[in-house]
Amino acid sequence: MTIHAIRIAGDPVLHTPTREITEFDSALRDLTEDMFETMYAAGGVGLAANQIGVDLRVFVFDCPDADNVWHAGVVVNPELATSEIPPAGDPEVDMEGCLSVPFESYPTRRAATAEVAGFDLAGNRIALAGTGTLARCFQHETGHLDGHLYLEQLVGEYAEAARELVRERGWTGPGHSWLPEVPVDTPRPVGRDFPTKSGRVRGPL
């Protein structure tokens with residue numbers, strides 16, 4: 001397994017819809033193993049393939065639902081359905097981060113429930129339902145695979161703050177990435193905590 005560099009906002013691979021997967025083979029299994037390894041090394045709870053520069057429609061996840069029950073898995077070619085999306089994010093409960101916008105977080109409007117339908121690594125059809133962080137993860141990662149960043153869900157002052165951040169960091173084109181430096185043999189807890197601006201904790205996606 002390999003820890004990959006994570007692409008940062010501005011890289012074209014993050015802003016282009018990914019390709020559907022048609023081959024459920026060992027290469028796909030190797031890719032998702034690398035994705036899990038990279039996600040855990042980075043302290044994340046979800047990761048889409050294009051975040052490591054691979055334009056294929058698959059994401060991995062390891063995060064809790066609204067009842068704090070943890071779920072982990074892989075979804076290939078996901079299709080998303082959600083409950084109603086609120087008009088704005090609440091800074092007390094809706095802080096969200098992203099491994100492709102490192103070390104930042106913003107109140108992000110997301111539906112309270114989400115379902116993804118797709119395939120597992122053997123090509124079997126699956127359907128998963130999520131609440132809480134799991135629902136947020138399904139929406140966030142499917143958004144990545146559609147060529148969108150969570151920053152696009154922001155409204156008002158938070159949307160402007162995010163635009164200013166991108167300008168200040170120079171994340172307006174290709175060439176930006178970061179490599180998690182956690183050694184491979186370091187124990188990795190499931191869903192490592194990640195500090196947000198509000199003082200709450202949520203793993204980046």
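Select Asp-30 to begin: the residue is partly exposed, with a relative accessible area of 44% (buried means under 20% relative accessible area, exposed over 50%, and partly exposed in between, with a 1.4 Å probe and protein chains only). The model is a predicted one, in which local features need pLDDT of at least 70 and side-chain atom pairs count only at pLDDT 80 or more, while totals for chains, interfaces and linings use all residues. Residues are numbered from 1 along each chain as its sequence is written, and side-chain values use heavy atoms, with hydrogens and water left out.

Asp-30 belongs to helix H1, residues 26-42 (helices are DSSP runs of H or I with at least four residues, strands are E runs with at least two, and both are numbered from the N terminus). Select the whole of H1: its 17 residues reach 24 Å from the first C-alpha to the last, close to the 24 Å expected at 1.5 Å a residue (the expected span is 1.5 Å times one less than the number of residues). Because 12 of these 17 residues are buried, H1 is largely enclosed by the rest of the structure. Among the buried residues are Leu-28, Leu-31, Met-35 and Phe-36.

Now display the whole chain, which has three helices and nine strands. Of its 205 residues, 50% count as buried.

Move to helix H2, residues 132-145, where 14 residues reach 21 Å, first C-alpha to last, close to the 20 Å expected at 1.5 Å a residue. In H2, 13 of the 14 residues are buried, so this helix too is largely enclosed by the rest of the structure. Just after H2, select Gly-147, which takes a positive phi of about 90°.

Two further stops concern backbone angles. Most residues other than glycine have a negative phi. Asn-77, which is not a glycine, has a positive phi of about 50°. This residue is in strand E4, residues 70-82, and is buried, with a relative accessible area of 6%. Phe-103 in strand E6, residues 101-107, has a positive phi near 65°; at 62% relative accessibility, Phe-103 counts as exposed.

Return to strand E4 and select Val-76, which is buried at 0% relative accessibility. Val-76 and Phe-59 are 17 residues apart in sequence and 6.8 Å apart in space, C-alpha to C-alpha.

The tour ends with salt bridges, of which the structure holds 10 (a side-chain nitrogen of Lys or Arg within 4 Å of a carboxyl oxygen of Asp or Glu). Select Glu-96 and Arg-110, whose closest N and O atoms are 2.9 Å apart. Glu-96 is in strand E5 and Arg-110 in the loop between E6 and strand E7, 14 residues apart; both residues are buried.

Next, select Arg-169 and Glu-104, which form a salt bridge with closest N and O atoms 2.8 Å apart. Arg-169 lies in helix H3 and Glu-104 in strand E6, so the pair ties together parts that are 65 residues apart in sequence. Finally, select Arg-167 and Glu-164, whose side chains meet in a salt bridge at 2.6 Å, N to O. Being three residues apart in helix H3, they are separated by about one helical turn.
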